[in-house]
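Please read the following report alongside the sequence and the model.

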Amino acid sequence: MTLRWWQRRPWRPRGGSLQRVLLVGWLAPLWGLVAVICVVQWAYQAQHDAAAQDEALRQALAHWPADLSAEPAASLPAQPVPGVWYRESNLDGERLAGSADLPRVPPTEVVRDPGAVHFYLAQVGDQLVRVAVTLYQPTGVKEGQAVAAPVVRQAARPLGERLPGARRLLGGGSGLWWVVLLALAMTTVAVLLARAASGWLRHADVSLMRPPIGDVVGTAERIYEGPSELAPAVQHFAELQHSQSRWIEEQRRFLADATHQLRTPMAVLRTQLQAAMAGDMLVGDALQQMLHTVDRASGLANQLLSLSKVEQLKRMGELPNVDLNAIAREAVMELAPLIAAKRLDFALEGPDTLWAPGDAALLGELMRNLLANAIHHTPTHGRLGVLLRDSTGRREVLVWDEGPGIDDAVRQRLFQPFSAGKGGVGLGLSICRQIAEAMGAQVTLFNRMDAGQVIGVDAVVAWEE
């Protein structure tokens, strides 16, 4: 389908100086308009001067100098008026009076009717002139008949008089002088405004390079003093810069902690290998311990990969709706051997379908982490379960167990990376919180109380409407 001209995308500069784009976009039309006005005025003035010159040449022929025609040719002045040439010739072209520099009428110019004026161009020395020629019949008579033969009279003026110069064009009554002055003034104003705009942008750049002051919200309004139109953009970039710096710092700390945590199982695995090779422990026992160490390192690596997936989830924007019941069932089926190994009484309760925004794979990771913690802390032959609830304005997934509860001192750091209790790698609950926050949900842990006694732990994942 062919787009019409008003449907096409407007042109936008892809690079270069903003100041140059502003100046060219403003000054090019301005001086183009001035040029058009000058050309139109020049054409009008040239037409006016041409008509005036032709009229002056007609008047010169009509008021022929008396001394030029009355005296013999040898004694007549050649050019009685500066800038004007006169010549009088007979019909054969022989000069009778006037300037010898002015050539005779060329054969192509036919002069017939007395009194009729014809115009043509000629060369006088190195100068181009406009020539008016007429056939003049003397009025002297003898016995009722004219006794003098007709003569050819020529009057010439420089052709440059027909072409107005810049000084005459600007100095006349055309008003072009004021047009040019106004255009120069507008050019000066445009240059100053473009430089001011560039200065505002440079000031915005300097503002962004300053360290943030306190909370990032409202920082741009305090550090930027330029136009209000640019303040939201500066504030947005300041917030983005602050967020990116914070994310880089978190990633740096996380990588440092992860490197430390991965170094430990590798060192343990090396020690176990050396012990087995040296015969300090049975090969079977060494292999069993090495398998446990490898499982621990693999779990840590998988959780690190889950964290990288969380960062991808944060950049996805709007998330699709997924069925929480189906994801919970898949997680339970995957961990069913662990539940059976401890002979736990398990229950999955709630509606058959419960929709919430999220990513199915990461929600499954969240469910498995919460269930694995619940299975780990529930005593043998105990009970645990998953409860799905859909109340007004709130959807919840609750994983409950009969564990010993959580101390208040431990609760503050449970969701921090590498802060696990016995037997863990310290990333499970941290990943759960990050996954939930990336999907607009919250994860909280509560001690379930009965008659003042802790009877278990509830892990709640909640989505607010």
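The protein chain exposes about 28700 Å², of which carbon and sulfur atoms supply 58%; accessible areas here come from the Shrake-Rupley method with a 1.4 Å probe, and for residues only the protein chains shown count as cover. This is a predicted model, in which local features need pLDDT of at least 70 and side-chain atom pairs count only at pLDDT 80 or more, while totals for chains, interfaces and linings use all residues. Residues are numbered from 1 along each chain as its sequence is written, and side-chain values use heavy atoms, with hydrogens and water left out.

Of the 465 residues in the protein chain, 35% are buried (buried means under 20% relative accessible area, exposed over 50%, partly exposed in between, with a 1.4 Å probe and protein chains only). The protein chain holds 11 helices and 14 strands, taken as DSSP runs numbered from the N terminus (helices are H or I of at least four residues, strands E of at least two).

An open sheet is formed by 5 strands in the order 2-1-7-4-3, with antiparallel pairing; two strands pair if DSSP finds at least two bridges between them. Strand 2 and strand 3 stand at the edges with a single partner strand each, so one side of each is left without a neighbour in the sheet. Strand 3 and strand 4 pair over 8 bridges, and Gln-123 has Leu-128 in strand 4 as its bridge partner. Helix 1 (residues 18–62) packs on this sheet, touching strands 1, 3, 4 and 7, where contact means heavy atoms within 4.5 Å.

The largest nonpolar core has 40 residues, and those touching the most other members include Leu-366, Val-397 and Trp-463; such a core is a set of buried Ala, Val, Leu, Ile, Met, Phe, Trp, Tyr and Cys residues joined through side-chain atoms within 4.5 Å. Helix 9 (360–377) is one of the elements that supply at least two residues of this core, and helix 9 gives the most, with 8 residues. A second, separate core of 12 residues includes Val-105, Tyr-120, Val-124 and Val-131.

With a disulfide taken as a pair of cysteine sulfur atoms within 2.5 Å, the count comes to 0 disulfides. Two cysteines are compared below.

| Residue | Relative accessible area | State |
|---|---|---|
| Cys-38 | 22% | partly exposed |
| Cys-432 | 0% | buried |

Notes. Axes fitted to C-alpha atoms, helices over the stretch in contact; angles between N-to-C directions.
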